[in-house]
Amino acid sequence: MTTIPLQRSGYPVSRLVLGCMGLGGGWNNEPFAAEHVKQAHEAMEAALDSGINMFDHANIYTWGKAEQVFGEVLKEKPQLRERIFIQSKCGIRFAEGDIPGRYDFSEPHILASVDGILSRLGVDYLDFLLLHRPDPLMEPDEVASAIHQLKASGKVRAFGVSNMSAGQIRLLQASCDEPFIINQLEMSLAKIDWLDAGVHVNQAAAATDIFPEGTMEFCRLENIQIQAWGPLAQGIFSGRSTHDQPESIQATAAVVQQMAEEKNTTPEAIILAWLMKHPAGIQPVIGTVNPARIRACGDAVNVTLSREEWFRLYVSSRGRALP
Ligand SMILES: NC(=O)c1ccc[n+]([C@@H]2O[C@H](COP(=O)([O-])OP(=O)(O)OC[C@H]3O[C@@H](n4cnc5c(N)ncnc54)[C@H](OP(=O)(O)O)[C@@H]3O)[C@@H](O)[C@H]2O)c1
């Protein structure tokens with residue numbers, strides 16, 4: 001298995017990350033219950049058993065409860081903290097009264113968010129903090145000042161971004177000594193604009209591409225870890241009903257199933273291995289909290305796809321031939 005950018009930067013992280021957005025119960029201010037802590041226990045155990053040592057949070061997930069239930073598990077198993085990598089995100093704010101939902105990369109908001117994250121998780125430091133979605137009002141100097149303080153205080157070890165283009169990362173990086181080493185983007189066998197933007201260069205089809213050109217290349221050149229959120233495409237290639245999906249997705253789900261049978265593995269492992277074959281060294285952030293599905297994902301690290309198999313899946317999902 002290829003070495004990925006985070007590993008090259010000195011972090012012995014697993015190829016897969018467990019996304020914790022599904023932990024903690026509902027997106028509301030009802031308190032979490034014992035069953036949600038049990039669910040977190042089981043999900044974390046399944047992840048660790050599958051060789052996953054990295055966990056993805058955000059301060060907004062289930063209104064903070066995802067971090068709280070994770071913190072409850074760490075309280076019961078404090079020895080875990082040093083064995084795992086915890087990542088969280090900040091910068092998205094919910095609507096309050098007549099103030100709409102918004103983004104906030106102001107220095108006080110970033111600093112206060114990290115204090116909230118650490119307290120909900122019950123830990124002294126975060127391994128990685130990501131800026132969740134680009135704030136149109138971001139002031140790079142202000143972001144840099146917050147990052148400087150978080151690093152100096154030991155509250156955060158390293159930094160990254162999410163949902164950002166190359167240009168946006170460059171803008172922030174120009175003011176900040178601390179490197180941004182992660183960019184988390186939506187990518188899967190269903191969400192393939194990150195590939196289409198590359199193959200459509202100089203083609204009429206490029207007119208409808210929405211993926212910011214040059215972002216994949218920039219991250220590769222700068223050793224920035226690309227993480228894929230939504231990598232399971234909500235299960236549409238691995239068992240969820242596809243009857244309401246376009247024909248190309250239904251056909252691709254059948255190819256995935258066939259490859260899984262041929263390789264004696266799971267459909268989840270096929271679609272994750274497909275992402276991981278990309279030379280950027282993508283780290284899928286799997287969002288399932290179902291222990292059996294987490295284990296089904298774990299086998300991805302043992303699956304090798306040939307070039308032909310990789311293109312068969314890509315072209316099938318596109319639903320049309322390459323230019
Ligand atoms: N940076 C960002 O802006 C951003 C945005 C969204 C998410 N994320 C992160 O990325 C992680 C993954 O994203 P995601 O949850 O959107 O995507 P995902 O991994 O593609 O999908 C996970 C969801 O699909 C369901 N699922 C998977 N296989 C299924 C099947 N065979 N049948 C029925 N349901 C199935 C899971 O339910 P079960 O739990 O029941 O398996 C879960 O709700 C999140 O946990 C979060 O950490 C980041």
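Colleagues, two remarks on conventions come before the structure. Residues are numbered from 1 along each chain as its sequence is written, and side-chain values use heavy atoms, with hydrogens and water left out. Because the model is predicted, local features need pLDDT of at least 70 and side-chain atom pairs count only at pLDDT 80 or more, while totals for chains, interfaces and linings use all residues.

I begin with the barrel. It is closed by 8 strands in the order E1-E2-E3-E6-E7-E8-E9-E10, with parallel pairing. On average, neighbouring strands of this sheet are turned by 30° against each other, direction ignored; the axes behind this angle are lines fitted to C-alpha atoms. Strands here are DSSP runs (E, at least two residues), as helices are (H or I, at least four), numbered from the N terminus. Two strands pair if DSSP finds at least two bridges between them. Within E10, Gln283 is the bridge partner of Gln227.

I turn to the pockets. A pocket is an open set of points on a 1 Å grid with protein on both sides within 12 Å along at least five of seven lines, and its lining residues have an atom within 4 Å of a point. The largest pocket has a volume of about 580 Å³. Its lining numbers 28 residues, and the closest to its centre are Met21, Gly230, Gln234, Gly287 and Thr288. By class, this lining holds 10 nonpolar, 13 polar and 5 charged residues, with Gly counted as polar.

The second largest pocket contains about 230 Å³ of space. It is lined by 14 residues, and those nearest its centre are Asn59, Ile92, Arg93, Phe94 and His109. Which elements each supply at least two residues of this lining? They are strand E4 (92-93) and helix H4 (107-121), and H4 gives the most, with 5 residues. The lining divides into 6 nonpolar, 5 polar and 3 charged residues.

Finally, the ligand. It is surrounded by 27 residues, the closest being Asp56, Ser162, Gly287, Thr288 and Arg293; a residue counts here if one of its heavy atoms lies within 4 Å. A polar side-chain atom of Asp56 lies 2.6 Å from a ligand oxygen. For an N or O atom in the side chain of Arg293, the distance to a ligand oxygen is 2.7 Å. Gly19 uses a backbone N or O atom, 3.5 Å from an oxygen of the ligand.

Terms used. Axes are lines fitted to C-alpha atoms, for helices over the stretch in contact, and angles run from 0 to 180 degrees between N-to-C directions. On a 1 Å grid over the protein atoms alone, a cavity is a set of points where a 1.4 Å probe fits but cannot get out, and a pocket is an open set with protein on both sides within 12 Å along at least five of seven lines; lining residues have an atom within 4 Å of a point. Grid points are joined across faces, edges and corners, and a volume is the space filled by probe spheres set on the points. A polar contact is a pair of N or O atoms within 3.5 Å; within protein, one must be able to donate a hydrogen and the other to accept it, and residues adjacent in sequence count only if both atoms are side-chain atoms.
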